[in-house]
Amino acid sequence: MASTQHAGTSDSAVRTHEHDSGEFKRDMGFWGNLALGFTYLSPVVGVYTTIAAALAISGPPAFWMLVIAGLGQLLVALVFGEVVSQYPIAGGIYPWNRRLWGPKWGWMSGWIYAIAINATIASVAYGAGPFLGALFGLEMTPLANVLLALGILVLATVVNFGGTKILANVAFIGFAVEIIATVCLGTWLLFKARQHDLSVLFMDFRSADMQSDAPFAAAFIGAAIFGIYLYYGFEANGDVAEEVKDPGRVIPKAMRTTIYVGGIASMFIALGLILAVPDFGAILDGTATDPVGAIFLSAFGPTGFKLVMAIVLLSFLSCTISLQAAASRLMFSMGRDHQLPASNFLRKFNHKRAVPPYALLTAAGLPAVVLIISLLSANALIAIVSFASCGIYMAFCTVVIASLRARAKGWKPKGHFAMGNAGWVVAGTALVYQIFAIYTLVTPVPDVPWYQAWMVGLVGAAVLVIGALYLVVRRPYRFNAGPTGDAHTGEIDLRYANPISQTEEVVDMAIRLGGGKPHTYPHNGSERQ
């Protein structure tokens, strides 16, 4: 049932309503929003870090997992586009679920996504280490890798503190560089370094022993990590909704375009790399430990190889910047609703730069803590990072489930982008894909101790249990401001999405014209009459 006010006025002193004033600056257009999602998705980062593992599982047919995952995530992007078009609120998954279902569902999804995205920031920053080592011919020690990752976090934080316009411009530069690099590298590999024709994409290169141990279908499904680890980032388009001009129209289009452009770029560079592999058997039996590096060195020579590594490092930096921007908006959104510990800091806003400073620092500090802990225990880093992708898919799943529930209760999307009755089929199919992705990620790894085999599932369960305990003990939903679970009522409250003025009087006038009740302003303890 929709609710805009909870019983018990004692909480009103610490509650804020749905965006009393316009805080963010709407400096981001379609291209900036697209660039943010694309650099978060980052074909370079995704393909280069997972292609060797995918080829080692099923060989060149792993390529088709990029197609399957791309189609599955496009369905999810359509669902997200429909929701964000009606509720273009900063923080994305958390406020969407709060409006579609209610405060408890919204809080739990926000908690899962916050843990997952901060873990992803740490993993991306840490993953840049081997490429820096390759660029300068260094052997990256754990300490050197962590120091590099911390340096990337510092640079990302500086860029994000510059404000929305700088973020959009930097994201677009990263977008342009990555697109140009992908086209140039992929074209060179396809025409100058190609070793095979397209038929290898349909061939099983596994040894006789491997084929007898497992059918090809099982190996092919195992290679799903190729696409699963790649196709997310479009949710970041919605995380910055309050900084986008005409968000109800722009963001759904940017989400879909992120999948289109990211998918095509990923498939193009992946195809070039796969067809340039000299010996698939060496990858499958573990003899070739760094096939991507070997291909680049052979195709481009020492000088060209260093240029490629520099582009890869730039892509890692761009990806970290976009991840941190998305994470900070999520924590700010939850903070201004007093849903997290230290919310009084997370909700603070720097009006000069139009950024949430403490949420940004938190989106740098938490990944930094993960990285530093890794020096004490490499297993701790593996445990946290292993949950990253699974947690994001779990959070995605909550939105798809909430949208289906809201439809069943009578929700008819009122935004600029709506799928009508087709939304049932799209959301249902998207849910099937999400469940498949989660199942793939939690499937135990063979030939290792049980606690390592079930690492992803165990960490995921721990996150859920800790979140549930906090929800029961602290009951953060008591402090939730603004409408919750009201999607099916047909009412639309866009006070977050359409900030009208910095003044309380004009906001109150707008609310009155909309038939709503004026805000209670906790800073003066009075209600405008």
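Is Ala116 buried or exposed, going by its relative accessibility? With a relative accessibility of 0%, Ala116 counts as buried; the cut-offs are under 20% relative accessible area for buried, over 50% for exposed and partly exposed in between, using a 1.4 Å probe and protein chains only. Before going on, note that this is a predicted model, where local features need pLDDT of at least 70 and side-chain atom pairs count only at pLDDT 80 or more, while totals for chains, interfaces and linings use all residues. Residues are numbered from 1 along each chain as its sequence is written, and side-chain values use heavy atoms, with hydrogens and water left out.

Back to Ala116, which you'll find in helix α5. Helices here are DSSP runs of H or I with at least four residues, strands are runs of E with at least two, and both are numbered from the N terminus. Leaving out residues up to four places away in sequence, Ala116 touches Phe387, Ala388, Gly391 and Ile392, where contact means heavy atoms within 4.5 Å. Cys390 is 274 residues away from Ala116 along the chain, yet their C-alpha atoms are separated by 7.7 Å.

Now hop over to helix α4, residues 93-100. This helix is mostly covered, with 8 of its 8 residues buried. Among them are Trp96, Arg98 and Arg99. The cover over these buried residues includes α3, α5, α12, α13, α15 and α18. Take Trp96: apart from its neighbours within four places in sequence, Trp96 is in contact with Phe80, Val83, Val84, Tyr87, Ile89, Gly238, Met255 and Val399.

In soluble globular proteins, nonpolar side chains tend to be buried together.

What about the rings? Rings of Phe, Tyr and Trp (its six-membered ring) pair if their centres lie within 6.5 Å; planes under 30 degrees apart are stacked, over 60 edge-to-face, and the rest tilted. That rule gives 26 aromatic pairs. Phe24 and Phe332 are edge-to-face, because their ring centres are 5.4 Å apart and their planes meet at 85°. Phe24 sits in the segment before α1 and Phe332 in helix α15, so this pair ties together parts 308 residues apart in sequence. Phe24 is buried at 5% relative accessible area, and Phe332 is buried at 0%.

Phe345 and Tyr358 make another edge-to-face pair, 5.4 Å centre to centre with 70° between the planes. Phe345 belongs to helix α16 and Tyr358 to helix α17, so the pair links parts 13 residues apart in sequence. Phe345 is partly exposed at 46%, and Tyr358 is partly exposed at 36%. Elsewhere, Tyr40, Phe80, Trp96, Tyr232, Phe234, Tyr393 and Phe396 form one aromatic cluster.

Last stop: Thr440 in helix α19. Thr440 counts as buried, at 12% relative accessibility. A polar atom of the Thr440 side chain lies 2.9 Å from the backbone oxygen of Phe436. Setting aside residues up to four places away in sequence, Thr440 touches Ile221, Ala224 and Ile228.

Terms used:
A polar contact is a pair of N or O atoms within 3.5 Å; within protein, one must be able to donate a hydrogen and the other to accept it, and residues adjacent in sequence count only if both atoms are side-chain atoms.
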